[in-house]
Amino acid sequence: MDELSEQAKKAKVLVAQPNYTNSFSSEVHVNHLECAVEWTRAGMWPMVQEAYERGLADAHIPEAEREDLDVEQQLLYNFQIVGRTFVHFARTQMADVAVKGGYSHILWFDDDALISPEYLPKMIDHDVDVVIAPYPMRRPAYEIGVLRSTAYRCNACEWYGYLLWDYETEKVVVLDTMPDPEGMEEETGPVACPPNDDEVFCPSCNSKDLWRDFHNHKAYRNLSALHNLDQGMMSVDGGGTHAMLIKTEVLTDRRGVVGGPAAMPPEVQEIIDTLKNNLTSSQIKKYDHYLGDLPDETSTFYEENQQGKPYFLMPKRGTEDMYWCYRARRKGVEIWCDTDMFAPHLGFAPVITKGFRVKSEEDRYQLNGNGSKREVQLTELQDDNGAIRRPVLQQSKVGNLV
Ligand SMILES: [Zn+2]
């Protein structure tokens with residue numbers, strides 16, 4: 001692992017892991033061992049409660065090294081695992097611990113995620129509000145669980161439409177409208193992924209000054225492993241907490257311009273303003289109690305939590321982590337994806353059907369230029385977290401699962 005940057009040395013990271021089932025798979029356990037050992041070897045120190053109470057004065061460090069150690073100059077980390085608790089409650093508890101405990105960062109590290117230990121200091125060095133390591137979903141077709149809206153408004157000419165990278169034609173396609181059949185709230189339009197930043201420009205006036213409309217959820221598309229990954233940092237609109245580092249100040253501080261169309265679509269703001277202007281404060285209280293909170297995206301997560309709207313909420317549809325991303329975006333928080341990383345996911349093993357085997361045999365052969373078949377390696381074992389089960393004991397690793 002590279003030497004820690006000055007910035008990483010100042011970090012105090014809560015590694016936060018909801019664990020509803022109160023158990024870990026051996027794959028995850030081995031990965032935790034690997035992380036803890038590699039982090040400690042690289043100069044990051046696990047904290048103990050005692051150290052915390054003493055103002056970090058003696059983190060869990062060998063006696064002999066204590067005197068030389070400047071705790072202010074040491075990346076400190078602590079695992080927190082919350083078991084047998086619904087995931088949004090668990091996350092809210094952990095967010096609260098991070099805020100009150102003076103942690104600089106939260107590494108959301110799900111209990112079915114695997115990461116390379118070096119990702120933590122790398123993520124800190126990116127110095128952004130939120131950074132996600134891309135990962136596949138648990139179920140076939142294992143889509144990348146990081147999304148970005150494909151709806152844009154041109155700041156120069158007011159054009160509004162959709163820019164998608166079409167898998168079939170391998171080109172950016174422009175749509176003026178996104179098909180939206182009655183009652184169908186799921187993904188519509190062509191099978192496509194978001195275009196990369198250098199492919200985004202206004203089809204009407206060629207301007208590159210476009211605003212990405214993250215309110216438009218039907219325009220969200222999953223990143224593509226082939227088209228969007230391995231190109232450094234990419235601004236995105238949502239993703240799971242699988243392996244996501246956030247600055248704790250994202251929960252407590254205001255970001256950028258507060259309010260405006262990014263916080264609330266103008267037509268929705270109009271409805272809320274009408275309500276607020278015509279209701280007395282006691283009527284608003286009744287409204288909030290019986291009908292749900294009147295939204296106010298100028299509040300920070302911390303303020304909302306104080307007012308009884310937790311850091312994490314379970315939405316009517318979707319998941320608590322994606323919903324948190326949307327709330328964060330509306331509060332002016334930027335979300336990034338380091339597309340050079342990849343955090344494998346403990347999958348749901350599918351029933352291996354005849355179709356799977358047929359596909360495997362098809363994938364096993366590629367056609368050469370002259371039409372003859374050439375056998376290709378199905379799975380290339382790489383010396384990274386891409387291959388977690390290798391049939392050997394790796395002397396260079398502390399955790400082996402064979
Ligand atoms: Zn334009």
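Helix 8, spanning residues 266-278 of this predicted model, comprises 13 residues. From the first C-alpha to the last, helix 8 reaches 18 Å, close to the expected 18 Å at 1.5 Å a residue. Helix 8 is hardly covered, for the count of buried residues among its 13 residues is zero.

Eight strands make up an open sheet with mixed pairing, arranged in the order 2-3-1-4-15-5-16-13. Its edges are formed by strand 2 and strand 13, each of which pairs on one side only. From one strand to the next, the twist averages 25°. Within the sheet, strand 1 pairs with strand 4 in the parallel sense, over four bridges; here Leu 14 stands opposite Ile 106 of strand 4. Helix 2 lies across strand 2 and strand 3, and runs at about 125° to strand 2.

The elements named above include the following.

| Element | Residues |
|---|---|
| Strand 1 | residues 12-19 |
| Strand 2 | residues 44-46 |
| Strand 3 | residues 75-83 |
| Strand 4 | residues 105-109 |
| Strand 13 | residues 233-236 |
| Helix 2 | residues 26-41 |
| Helix 8 | residues 266-278 |

In soluble globular proteins, nonpolar side chains tend to be buried together. The largest nonpolar core in this model holds 74 residues, of which Ile 106, Val 130 and Ala 243 touch the most other members. Ile 106 is also the residue of strand 4 that faces Leu 14. Leaving aside residues up to four places away in sequence, Ala 243 touches Phe 109, Ala 113, Ile 115, Tyr 119, Ile 132, Ala 133, Tyr 135 and Ala 343.

Notes
Residues numbered from 1 in each chain as written. Predicted model: local features only at pLDDT ≥ 70, side-chain atom pairs only at ≥ 80, totals over all residues. Pairing = 2+ DSSP bridges. Helix = DSSP H or I, 4+ residues; strand = E, 2+ residues; numbered from the N terminus. Axes fitted to C-alpha atoms, helices over the stretch in contact; angles between N-to-C directions. Contact = placed C-beta atoms within 7 Å. Expected span 1.5 Å × (residues − 1). Buried ≥ 20, exposed ≤ 12 C-beta atoms within 10 Å, placed from the backbone. Core = buried A, V, L, I, M, F, W, Y, C linked by C-beta atoms within 7 Å.
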